[in-house]
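Dear colleague,

Please find below the structure for your review.

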Amino acid sequence: MVKIESYMQELIGKLQEKFAERLLYVGLQGSYLRREETENSDIDVMVVIEGLCVADLDAYRNIIGSMDEPDKACGFICSGLDLANWNPLEISNLIHGTKDCFGKLRPLVPAYTEQDMKNYIKISLNNLYHELCHRYIHADRNTNLSQLPCCYKGVFFILQNLHHLRYGDFIPSQAELLTLLSGRDRAVLERAARLGEGGEYDFQDSFELLFCWCQDTLIKLSN
């Protein structure tokens, strides 16, 4: 696996060499931030470049291509102005799900409210619920079997943000969050972990668990 500290130092150095003072920010996200990385994990990096243009995207792609594991490079890139005008619904998750490695993220983003946080969770739930129902009706069984574990991947991030909304703590890892959950919340995250390991599973039972959890959580958020 990639030694993430060395990787980030090398990446920042190359970005500084190319973009100089235009480089505003570099942050780490994803499984490497949560210390849950595996051999197949993406390397999720956030980069902010002042006055970002298409030529800059080409330059960034070349830099990534010069790094170890270029096929695993992933993440988010934008300009400072783009970020300043970003949707406030996503800002809380962005701040808490990103580690500052070069520069500070918080001064670059707009303010957000508790209602923004709630609406972000609702949208995430809406999208997941719609995807579940649409595929269940319109896709064949093999597609449903292969894609349901992918749907379960989103459960952690929704529960992570729900816990933050309810209690004010942003829990970084799935293992730690699991110890704080109970009932259907705990059951659905445990199922997500099992499905993430691969192998055969009971599709109908797993589908119904996630389907009912989406319904219940949407109702709770509306109360």
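**Pockets and their linings**

Helix α7 (141–167) supplies ten residues to the lining of the largest pocket, the largest share of any element. The model is predicted: local features need pLDDT of at least 70 and side-chain atom pairs pLDDT 80 or more, while totals for chains, interfaces and linings use all residues. Residues are numbered from 1 along each chain as its sequence is written, and side-chain values use heavy atoms, without hydrogens and water.

A pocket here is an open set of points on a 1 Å grid over the protein atoms alone, where a 1.4 Å probe fits, with protein on both sides within 12 Å along at least five of seven lines; lining residues have an atom within 4 Å of a point. Helices (H or I, at least four residues) and strands (E, at least two) are DSSP runs numbered from the N terminus.

The largest pocket holds about 1600 Å³ of space. Its lining has 46 residues, and G30, R34, K153, F156 and F157 are the closest to its centre. By class, this lining comprises 21 nonpolar, 17 polar and eight charged residues (nonpolar: Ala, Val, Leu, Ile, Met, Phe, Trp, Tyr, Cys and Pro; charged: Asp, Glu, Lys and Arg; polar: the others, Gly among them).

The second largest pocket holds about 150 Å³, a volume being the space filled by probe spheres set on points joined across faces, edges and corners. Its lining includes I4, Y32 and K99. Helix α1 gives the most to this lining, with five residues.

With kind regards
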